[in-house]
Amino acid sequence: RRKPAMDLLLAASEQAKVNPRTQTTSPIVTGASVLAITYKDGVMMMADTLASYGSMARYKSVQRVEKVNDGTVLGASGEFSDFQYIKDLLEDLTDEEFDMDDGCQMLPQQIHSYLSRVMYNRRSKVNPLYNQLVVAGYDSKKSESYLGAVDMYGSTFKDDIVATGYGMYLALPLLRKGHDKKMDESAARKLLEKCMTVLFYRDCRTINKYNIAKVTASGVEISKPYSLPTQWGYKRFVNPHLTE
Amino acid sequence: MSATGSGYDLSVTTFSPDGRVFQVEYAAKAIEKSGTAIGIRCADGIVLGVEKAITSRMILNESTRRIYTVGIHNGIAISGFAADARQIVNRGREEATSYKSYYAGPIPGNVLANRLAGFIHLHTLYWYYRPFGCAVLIGSYNPQGEPELYQIDPSGVCHGYYAAVIGKNKEAAKSELEKIDFSTYTCKEAVKEIARIIYKLHDESKDKDFTIEMTWACNDSKKKHVRVPADLLQEAVDKAKEMKAKEEQDSDDDDDDDDDAPPAKPSK
């Protein structure tokens with residue numbers, strides 16, 4: 001005899017397949033990888049500014065790395081509208097906190113925990129928020145960095161290196177090789193930029209325009225969009241038929 | 001003593017023969033003994049200040065709030081039953097969140113004031129509710145608009161003001177505020193003036209010891225409703241104490257002069 005919870009899940013998953021679709025299980029407008037690492041002064045996160053419509057590079061100037069409060073940034077890959085919805089949820093929380101004016105500010109780990117509950121609850125209704133989220137922040141009181149990820153199933157983890165999407169396959173090995181918790185800001189930046197360049201070469205759903213964010217004891221700084229130098233002049237790339 | 005309602009004052013759903021709802025008037029009485037709250041609308045923002053009586057040596061003064069932030073850019077200062085006012089503030093925060101979810105922006109002062117006025121008025125319409133025993137001042141500086149100040153009393157009536165006072169000594173405070181030229185007044189000047197007025201009207205012999213809670217929403221605070229910086233407030237309080245001491249000194253000197261002058265002779 002099946003358990004009642006199982007019945008509910010099966011019923012929900014049947015509902016997800018009928019029309020009209022009130023439970024969506026596939027994304028439409030998507031963002032590619034997000035990379036993040038800890039370094040000497042805090043954490044750093046980088047992502048490109050593209051939201052794709054399938055194979056079309058549709059919105060080329062979106063920001064996929066956003067400030068949550070003075071100690072935390074959130075990056076997302078996957079469905080862009082779900083990221084916008086999650087941003088609104090977090091903004092409601094930070095507004096309430098501002099009004100309360102009690103000297104407390106949500107810590108990155110609290111935001112991470114909140115998001116993981118939201119994601120897991122949605123997945124349990126077979127109506128997921130189709131994102132892989134990266135929560136990066138700095139706890140000024142304890143002088144500690146925080147870096148974690150939540151995916152669309154509600155799985156969470158914390159690590160010094162986080163990557164989503166194609167970044168998990170292409171960038172993670174490079175990040176693991178080059179990362180050091182004590183590396184300084186320019187070394188951290190160089191490492192992230194090297195990985196984003198590799199992703200631009202190899203992931204077809206990326207563009208060469210990025211935001212980089214850092215969170216340190218002095219707060220959050222998100223850069224204006226900028227591009228990285230790329231190399232397309234390889235002889236056999238220009239002319240694959242060369243025999244020499 | 002106030003006129004007895006003689007039977008027309010037992011329920012908020014009863015009019016008296018001369019068209020008064022006594023329960024609402026009695027609700028207003030609850031505010032007359034409570035600490036003064038002053039709001040000033042300046043050219044560059046709004047300032048709200050409250051005289052907080054220290055009821056006991058054992059209370060942690062920072063824990064009692066009389067001014068609350070609602071929807072980031074609005075402040076609500078209260079006078080009267082603090083518990084009743086808390087409900088108004090909570091409703092205000094719900095209204096602000098709901099407005100933002102529909103219109104993607106912070107709730108403007110006049111919208112918030114009208115919604116809360118309707119909420120307060122609601123509680124004067126039904127037999128099973130009692131009216132709120134408090135009045136509120138709503139100071140607002142919406143980033144897309146101008147500074148605004150509103151006052152709502154227990155009847156649910158809402159008006160916009162350049163300067164408003166609720167609580168005890170409000171008539172005396174109003175006459176002080178009437179002297180201001182609001183078109184050029186700045187928030188920094190208002191902070192000093194509110195402190196001065198509160199100290200001036202405080203009677204050491206009759207009233208309890210007090211602290212001042214002051215907030216503003218001005219260009220300096222990026223139009224967000226926050227507490228006035230501690231150093232500016234301290235400066236204003238020191239100035240206010242100085243001015244009060246000087247006034248008392250002057251009036252003592254005047255009394256001494258009167259003693260010296262010879263008594264006037266009646267003309268024949």
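How many salt bridges does the structure hold over all chains? The count comes to 31, a salt bridge being a side-chain nitrogen of Lys or Arg within 4 Å of a carboxyl oxygen of Asp or Glu. This is a predicted model, in which local features need pLDDT of at least 70 and side-chain atom pairs count only at pLDDT 80 or more, while totals for chains, interfaces and linings use all residues. Side-chain values use heavy atoms, with hydrogens and water left out; residues are numbered from 1 along each chain as its sequence is written, and chains are lettered from A in the order in which they are written.

In chain A, A:E14 pairs up with A:K17, with 3.5 Å between the closest N and O atoms. A:E14 is partly exposed at 47% relative accessibility, whereas A:K17 is exposed at 62% (buried is under 20% relative accessible area, exposed over 50%, partly exposed in between; 1.4 Å probe, protein chains only).

Over in chain B, B:D84 and B:R130 meet at 2.6 Å, N to O. B:D84 sits in helix 2 (residues 82-103) and B:R130 in the loop between helix 3 (109-122) and strand 5, so this bridge ties together parts 46 residues apart in sequence. Helices (H or I, at least four residues) and strands (E, at least two) are DSSP runs, numbered from the N terminus. B:D84 is buried, at 10% relative accessibility, while B:R130 is partly exposed at 47%.

Some bridges also share partners: A:D101, B:K52, B:R65, B:E213 and B:R227 are joined that way into one network.
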